[in-house]
Amino acid sequence: MTEGRRTRVVLADVHPRTHDHDRTRTELAEQTQVGEALVQGLVRAQLALALRLALVVAIGLGGLPLLFAVAPEVSNARLAGVDLPWLLLGVAAFPFLFVVGWAYVRLAERNEQDFVAVVRRPER
Amino acid sequence: MDNPYIIPAILLVTLVTVAIGFYGLKLARTTSDFLVASRSVSPTWNAAAIGGEYLSAASFLGVAGLILKYGVDVLWYPVGFAAGYLALLLFVAAPLRRSGAFTLPDFCQLRLGSRRLRKLATAFVVFIGWLYLVPQLQGAGLTMTTVTGQPYALGALLVGAVVTCNVALGGMRAITFVQAFQYWLKLTALLVPAVFLLLQWQADGRPAVAAPDGPVFHTSTTVVIEDHATLTMADGSTMTVRAGEKLDFAAGEPVPQVSTVDDTRGPDWLLPGDSDQGLFATYSLILATFLGTMGLPHVLVRFYTNPDGNAARRTTLVVLGLVGLFYLLPTLYGVLGRVYTPQLLMTGRTDAVVVLLPGAALGGGLTGQLLAALVAAGAFAAFLSSSSGLLTSVAGVISTDVTGHGSVRDFRLATVIAGVVPIVLSLTISTLDVSQVVGLAFAVAASSFCPLLVLGIWWRGLTARGAAAGVLAGGGAAAGAVLLTVLGPPLSGWPAALVGQPAAWTVPLAFAVMVIVSLASRGRVPADVSEVMLRLHAPESALAGSPRR
């Protein structure tokens with residue numbers, strides 16, 4: 001971690017950086033096939049996770065306009081004196097989004113911990 | 001309106017903003033302090049700052065105004081404005097932070113190593129930034145006219161000048177504190193009056209928000225007509241009115257429909273639309289807002305102030321929570337505005353509902369006046385914070401990529417250039433709905449930077465040529481649609497839907513062109529793609545060395 005250490009600002013740096021890499025980082029990058037397979041595995045796992053959760057939202061929220069259009073009885077329904085579409089879009093959507101985000105943060109961090117465990121094992 | 005507390009409240013917010021800016025100036029000593037707060041910002045402050053910067057005039061005033069006018073269908077604006085952070089979290093947050101890129105042009109350079117793509121990205125950052133700044137200044141002018149009776153230009157100029165000076169002098173360090181303070185101010189400014197408004201609505205015997213015969217005047221009201229128009233009365237009869245004409249309505253009278261104001265009445269306001277065009281517009285709006293947030297320049301800059309990728313993710317989650325909490329409130333204002341300020345449906349100035357509602361519902365007593373002043377202060381906080389963030393990012397890319405080399409002096413000069421253009425635009429162009437202009441900025445961002453970021457982060461096969469072609473095709477088409485909407489003749493039917501809400505065709509176009517051209521120029525995949533992918537995706541702890549060190 002780099003707490004307390006000054007880090008260069010990239011904003012002013014329009015030339016590609018190739019020389020200031022951490023030594024360990026370069027080693028991992030140069031571990032040719034093994035290293036590359038590991039990174040690709042991590043990228044795939046993270047992408048699959050993100051796409052799965054995006055699908056949950058695409059169906060859960062993105063399906064609503066279509067549902068309202070094909071099933072007017074849903075839009076006419078009332079819950080506690082409020083029309084269902086107002087309740088779903090005005091209130092329920094926000095906690096739903098937060099819960100999906102919370103699940104993603106947990107699962108993505110778990111994927112990363114697995115990656116770190118694999119990377120470090122040979123060093124011990 | 002003669003409320004003695006409003007001008008002091010607006011001045012107080014402005015002065016506090018400037019004071020915190022100067023406090024930050026004293027702390028900022030080096031160029032990196034000046035621009036990125038040295039990454040010493042804690043996640044809670046950072047999340048509140050992102051929220052404070054993001055909740056603009058569109059959120060504070062515009063959403064409630066649209067709901068008052070159009071009803072349930074526009075609830076997709078707040079949902080999309082919040083959901084954009086989820087898309088950002090899922091696909092962009094941690095890798096972008098790990099890339100070390102500070103702006104979108106930086107990301108282009110780091111990932112694809114192309115100076116020309118960098119220039120193209122710079123052009124789009126400036127276009128989106130200005131498109132987003134203009135409605136902030138319009139909102140300021142409108143609020144000034146509505147609550148104090150001062151000329152429109154004064155509000156726009158005041159906010160424009162304060163923000164330009166503050167950004168030029170204080171830089172990013174100051175902005176973080178200002179923004180975090182302004183999130184909480186904005187939340188309070190809507191939450192406290194909302195409680196009183198709900199109690200008042202209860203006390204009034206819960207008047208119906210969607211009366212079967214359309215909205216009615218709650219109290220006797222005098223409406224001043226602004227443009228020559230035809231009124232359609234509830235019984236179907238029509239009458240012609242001239243500009244400047246005053247009409248008196250008694251309590252309980254239905255609100256006539258005005259030919260110059262487009263609004264939705266009866267069940268269409270209450271229930272989701274099911275026409276093909278309406279459905280297309282809704283899905284287009286969903287795509288633009290869900291995918292546009294990640295491409296907004298002032299949002300991305302903030303990610304650099306997180307210490308690492310995991311912190312970036314957690315910060316984004318907190319932002320999602322804070323922004324979601326805020327968006328529960330504008331709906332309430334839009335709905336209650338239907339009861340207490342239906343005259344706005346006749347003047348068309350529905351963006352003013354948030355600032356007018358406390359006075360209209362609670363009366364001219366001390367409580368009503370104080371709450372109206374609080375809301376006006378919150379609205380000014382919204383203009384100041386969003387414009388500061390936008391201006392910082394636009395000035396940042398101009399100073400690095402157009403006018404100079406990113407020194408503090410270049411940045412100050414760029415700030416003045418970046419600030420003057422939207423100020424002039426806001427004084428000259430016609431007033432569209434604040435939220436709709438912001439929605440167009442989202443559409444351009446979703447059709448240019450979203451595909452660039454998502455494919456750049458997750459697909460090794462992206463080439464600079466493919467990225468440039470995709471940004472030009474999708475972003476160019478969306479930008480053309482925006483210009484046609486703002487400057488062109490009024491359209492109707494399908495052309496209006498395709499141009500007014502372009503994201504549903506421009507976003508897929510951008511993705512498709514980017515992938516196809518990248519595949520066609522496969523030989524030009526950057527040689528360091530594996531190294532960059534490692535940097536983007538591997539957690540810092542895997543790269544920081546073995547635990548024994």
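Me: Among contacts in chain B between residues at least 6 apart in sequence, what percentage join residues at least 24 apart?
Reply: The model is a predicted one, and a contact here means that two C-beta atoms, placed from the backbone, lie within 7 Å. When the contacts in chain B are limited to residues at least 6 apart in sequence, the share that joins residues at least 24 apart is 83%.

Me: How does the radius of gyration of chain B stand to the globule rule, and what is its value?
Reply: Chain B, whose secondary structure comes to 23 helices and five strands, has 549 residues, and for that length the globule rule gives 24 Å. The chain is as compact as a globular protein of that length, because its own radius of gyration is close to that figure, namely 24 Å.

Me: What percentage of the residues of chain B count as buried?
Reply: A residue is called buried if 20 or more other C-beta atoms lie within 10 Å of its own. Applied to the 549 residues of chain B, this gives a buried share of 61%.

Me: Where does helix H4 of chain B bend?
Reply: Helix H4 of chain B runs over residues 57–70 and reaches 18 Å from its first C-alpha to its last, close to the 20 Å expected. Because 14 of its 14 residues are buried, H4(B) is largely enclosed by the rest of the structure. Its bend, of about 30 degrees, lies at B:Val63.

Me: How far apart are the end C-alpha atoms of residues 84–105 of chain A?
Reply: An unreviewed UniProt entry lists residues 49–72 and 84–105 of chain A under "transmembrane region". In the model, residues 49–72 are 83% helix, with end C-alpha atoms 34 Å apart. Residues 84–105 are 100% helix, and the distance between their end C-alpha atoms is 30 Å.

Key. Residues numbered from 1 in each chain as written. Chains lettered and ligands numbered in written order. Predicted model: local features only at pLDDT ≥ 70, side-chain atom pairs only at ≥ 80, totals over all residues. Helix = DSSP H or I, 4+ residues; strand = E, 2+ residues; numbered from the N terminus. Rg over C-alpha atoms; globule rule 2.2 N^0.38 Å. Buried ≥ 20, exposed ≤ 12 C-beta atoms within 10 Å, placed from the backbone. UniProt positions renumbered as here; feature names shortened; annotations may be inferred. Expected span 1.5 Å × (residues − 1). Bend = angle between axes of the 7 residues up to and from the residue.
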